[in-house]
Each structure stands twice: as structure tokens, then as C-alpha cells.
Amino acid sequence: MKVNRSNLVVALSGNPNCGKTSLFNHLTGLQQKISNIPGTTIERKSGWYTYDNDKIQLIDTPGTYSIKPKSKDEEAALELFQPNHSEAPDVIVYVADAQNLKRHLFYFSQLAERNIPMVLAINMLDISKAQGIEVNTNRLQKELGIPVVETNARKGIGLTQLKEAIHGQQFKCHYSFTDTSDNDQIIQRYNRIDSLLEKVLTQKTKNALFTEKIDPILTHPVWGYLIFIGVLLVVFQSVFMLAEYPMTLIESGFDLAGNALLDILPNNWIRSLLVNGIVAGLAGVVVFIPQIAILFFFMGIMEDTGYMSRVSFIMDKILRGLGLSGKSVVPLISGVACAIPAIMATRNIENWKDRIITILVTPLMSCSARLPVYTLLISIAVPDTYVLGVISLKGLLLLAMYLIGTIGTVVAAVIFKFIIKQKSLNYFIMELPIYHSPRWKNIGYQVWSKSLSFVKEAGKVILIVSVVLWFLASYGPKSEKAFSIQETQNLEESYAGKFGKVIEPAIKPIGFNWKIGIALLTSFAAREVFVGTMSTIYSVDDEEDVINIRKEMMAERDPITNKPVYSLAVVLSLMIFYAFAMQCMSTLAVVYKETKSIKWPLIQLGYMTALAYVSSFIVFNLFR
Amino acid sequence: MLLSEIDLGVKMSITGIEPCAFKEKLMEMGCIPGASITLTMIAPMGDPLAFNLEGYCLSMRRSEAKYIIVEPKLDEGK
């Protein structure tokens, strides 16, 4: 049977960890794109290559163990193989790991009944040979009636033969795995696979794997956790410190561009929109790329080597009680640097409920953008005193803020565990793949595509909100007329200023005045903008000058009572507010991107604002 | 005997799975009657467990393993 050779659509299938992704990368090179299956968060990777001047489309399907979906996302991804599906592939290339052909052929046996021509790629023969397993691929080809190709996805061996098989005469599998069309006969399938493998497999003495030697150490009650803490420390330090240099570079680059535009363009609203709206918004997007790239580089290594599933294995019992998964650890810890790459990293959590809870609570971890806010406020609230002679009170308070964030995260996770309903079955039946050295090419592609999809999808939202915030801060109503617009040099007279005054009655119970109200609005762009807004309001020229802002803020007194406005109660209330409030549009944009629903970012904004308000109210009244 | 009760390193043979929500998942992963299974690792807090199932490593919680019925593997020499 021949199919139309041009416009050939080829689907890659197989179990997780079968080497499918490596094969996909080898075949397509950089000619690939990631798109979401409409209405889902499941990504579909497709790419193309040319063969005999024909452009061949290659679709990467998710690695699963069965054609029967175990989650809503899998259901959407596997729909492709439903009989008579409009996008059904012309050929399925099934990748199977030679070390464990029995289980890998189970999913194969289900696909083989879909009446689609197939090619079987037997992968990782080098590892199986080292284990003493020999596969007679010629015999397998005869038994199945479809081309069987030996590949080494890691080294890119067997690609030519694979392409030839895809484009040669096409065959459907004629080995029958079940008597009837009933798909439920799992035992019968395995029995038929067994009798097939008896003809093609020869197993000599089994050598102990490297994995079997190293696993007792990595899952050891003491060494296991110590090594994991060490790994986390390296990852976290890298995201935090390594990213700093490129981030400063990006920021000063955008500053330069902004200043250049200020010099070139005439002073009008277009210049202001370009510099303060668009350039500032773009900077707010691009500045996150170093952290995203670094985190995904390390996550890629952990996932690709097989270490991540051991992390789940040793952390499962501890985190299960919190409604989280063993895989939630990395996003949560990364949240201390920045919630954006952290939330993107939750894709590794297979269970829907675990993933949603992790996304919802991660922004409560004290991220690096809170640091400038805390620094300014602590310097106002606390004198330079030392506890026991050596411990700085300021440092203690800062530590307390990080602890409060962590406690908030854990408590919120436990509460969400009871609120959110489980969408899919919650079980921990998971393969622990054998260790292998990281495939740098795959990791490189992953870092690239994650950064790109962040810029493309979250970037749009961030840019739009930046422009809106720019408008609110630069324009205000004409005096006495509510529905009019005029440019304003003074933040007080802008819409942002009006907003501050309008919400003043609402924020008075937590000790905030209208000036703080303005900062609450503007720092929605990013928490550290609070410092900049405060310096604008108090007309401090250099916004980096914390000491001057501090002086101005400390000097301000209530016109009626003549007491300092920034009393201990107000400052502590502000700090608690910033610890819990969802003051970050970029995070909300990423949550929207990751959940593909407006519902979750709204719930997150709602619960965090409520939590912040109530906590600030309590703190303000306690210290008043 | 239940899979959740077996000792480390002893080769067992699966005889059946009690009805449970994840029975299909277990069977698809290769937990079918006659398959040989050995407990190879216990996570630090005593849960989950990791097994060698027909040559690959499968982990599950104790609460899941108790649905799988096993007996000692007799034909060890084969």
C-alpha cells in the first residue's frame, strides 16, 4: 500500500523515556514548533524534514504507556489515533526501548490495531547488549510484517534507514495481539507479546546496571536527602546569582535604549508611550529570560538523567500531606528567586491537582522582587540595633519575612488540598527510568523553546498591562470633569493618583493612605516598582537612593494628629501586604499561559489579595 | 500474600490484582498474573516502594501495592 508521498504526516509514538524526543530532534533539527492542542494545556510538538524534495511533517505525541488516556490532557493528545480522525497520521513511527521490549510493545500492540501503517524503531540496543539482551530485529520484522529499524537516538545512528523505511512501501502490522476488537484484554496482549518475544529475544546472564548501584545512594535516608539539598542549593544559587549579571545587562541595555529615544524624539505623548510604556514593558519581559533559561537548564538535566523521578520517590511521603507532589519541590524553591520560571517548571508535575496547587501557592514564596521593598520598609521600621550583640535586628526581620512567606505557602497548599477536586485518579504508579548522561541537545532545545514561549505568550499580556499602567500614571482627568483626559506631570493628578484617593477608604483599616494606594497600583507591574513610585511621590530624584526616600517617608507626619505617618504598625502592615499580595502582573500572565484559563489567575489574585488584606489588618491593629 | 508485605530482594510472582480504581493502570504497566516482581528499594520514610518488574523499575505507594496479590516464585532455575 502506497500513500501520497508529498504532504506525508508522520507521528512519533512510544512510552516515556524511549528516546522519542532525541529522535525527533535529530530528524527535524531546529525546524520545529510547539503549539497547544486547542482548548488544552498539552503542547503538541511538530516539525518537518525534507526527503527527496518532499516536506515531511513529523508530529511528536506524548510518551504514554497505553492508548487509553489516564488524564484529560492525555485524552486530547491521543485523540489523533482515534479511527477516522481528520488529522490521523499517514505513518506511525513507534520507538521501543530494547531493554524492556515487553512493556514497550504493549502500547505498540494497541496502536497496531488502528489500521495505520507503522514502522518500529528499536532503540538503545547498545545498552540492552551490555545487559546481555539480544534482539533479532530481522525475525521481529518477519513476525510483525512491518519495517523494523535499529536506531541509536542518542548518537543519531539509523536515521537514514528510518527515513527509508518511512518512505518505502508501507505496511500495517499483521501480527494479531488480540482475538477480538475488544481493547480490554490486557493479559491476552501481554501473553501474545511474550510468545512473540520468545522468538526474537535471547537473554544471557544479566549484568548489574549502573543504575542499580547508584540508586541505593541517591534514595538513601541520609545521603539521598543531603545530595538532594546540595542539588537544590546549586540550582537555586545559579538561578539567583548567575542570572544577576545578564539581568543587570538587560536592564541597563533597555535604560540606554530609553534614554536614546528620549534624546532623539520630540517631547510628546508618543515618546512617553514608547519610553515609559513599551520599552519599559519589553524590559519587564526580557529581564526574566536569564532566570527562565537557567532554571530550565538545570531542570532539563535533572529530568533527562532520570534523577527527577528519584526526587519524587524520596519526597512523595513528605509532600503528599500538603496536597503537593514530590515534583513540587523544585518550583517552590525556585519561587524564592522568581515565581515566573518556577510556575513554568510545574509542567513536570503530571497530576493535574498537584500542579494547580503548586501554581497557586508558589507566588507566596518570597521572591527576589520583594527584597527592595522589604529593605526600604525595614530601614524605616527598625533601628540599627543588635540582638545579643551580633545579630542585626534588621536581618532578623528579613529572615522572618521569608519564613512568613514559606509558612503561608504551606498553609495555603493544605487548604487548597481540601478545596480543589481531583480531576484524574491520584496514584503514584511510576517508572523509575535508568540513569543516563544528559542529552545536551534535548536540554538546549527545551531551554530555547521555554524562553521563546514565555516571550511570545506571557510577553503579550505583560506588554499590554505595562501600557495601561503607563497611561494611568501619565494621564488624569481635567479638574472637575470625570470623563476627560489630559497629560499630567504630577502623579497625584493622574488616574493612578485618583485611584489611590478612591481606594483610600478601603485601605485605611490596614493603615495605608492614598499615596500608598498609588504605589499599590503601579507596583502591580512588579513589586520593586513600589520603591520607584515612593520616590516619585516624595520627589526624590534618584530612585535608587533608599536613604533619601526613607528620610522623606519618616519625616512625614499626619496633618491632624501630628504623629508620624509611617509608624511601626503601618510599615509592618505594608510588609505583610507585600509578602502575601499578588502584586505581579507577569506571574498572573504566566499562570494564564500555563493553565489556559482566566479562572486560575483570577482565583490566585483574589485569594492572595484577601489573605494580604486580612493579615495586614490583623498586624496593623496588633501594633497600633 | 500482598505485594505491600514482601521482603526486600525476594523474587515473587504476581497472581492477581484486587479490584481498584487503578487496576487497569497496574496491568498496563505489566502487573499481570505470572509476572515476576522483586522489592528493590523502600523510600526513606517507608513509602513509596520500588520494584523490579520483569526487568524494569516500577515504583508505587504501599496503599497501591496492597491490591496486588503475590506468591513466592518457585521456578527460580528457569
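Student: How many salt bridges are there over all chains?
Tutor: A search of the whole structure finds 18. A salt bridge here is a side-chain nitrogen of Lys or Arg within 4 Å of a carboxyl oxygen of Asp or Glu. This is a predicted model: local features need pLDDT of at least 70, side-chain atom pairs count only at pLDDT 80 or more, and totals for chains, interfaces and linings use all residues. Residues are numbered from 1 along each chain as its sequence is written, chains are lettered from A and ligands numbered from 1 in the order in which they are written, and side-chain values use heavy atoms, with hydrogens and water left out.

Student: Which residue does R439(A) form a salt bridge with?
Tutor: With D304(A); the closest N and O atoms are 2.9 Å apart. R439(A) sits in the loop between β12 and α19 (440-474) of chain A, and D304(A) in helix α12 (residues 289-305) of chain A, so the pair ties together parts 135 residues apart in sequence. Helices (H or I, at least four residues) and strands (E, at least two) are DSSP runs, numbered from the N terminus.

Student: OK, new topic. How many residues of chain B are in contact with chain A?
Tutor: 29 residues of chain B, and they touch 32 residues of chain A. Contact means heavy atoms within 4.5 Å.

Student: What area do they bury between them?
Tutor: About 3000 Å², 65% of it on carbon and sulfur atoms. Buried area is the accessible area (1.4 Å probe) that two parts lose on being put together, summed over both.

Student: And how many salt bridges across that interface?
Tutor: The rule finds 4 between chain B and chain A. K102(A) and E54(B) meet in a salt bridge, at 2.6 Å from N to O.

Student: Which elements of chain B touch chain A?
Tutor: Those giving two or more residues are α1 (23-28), β2 (36-42), β3 (49-53) and β4 (56-60) of chain B. By class, that side has 19 nonpolar, 3 polar and 7 charged residues. Ala, Val, Leu, Ile, Met, Phe, Trp, Tyr, Cys and Pro count as nonpolar, Asp, Glu, Lys and Arg as charged, and the others, Gly among them, as polar.

Student: How does β12 of chain A join β4(B)?
Tutor: By 2 bridges, and the strands run antiparallel. Strands pair if DSSP finds at least two bridges between them. L58(B) is the bridge partner of E431(A).

Student: Last one. What is the order of elements in chain B?
Tutor: From the N terminus on, β-α-β-β-β-α-β. That is 2 helices and 5 strands.
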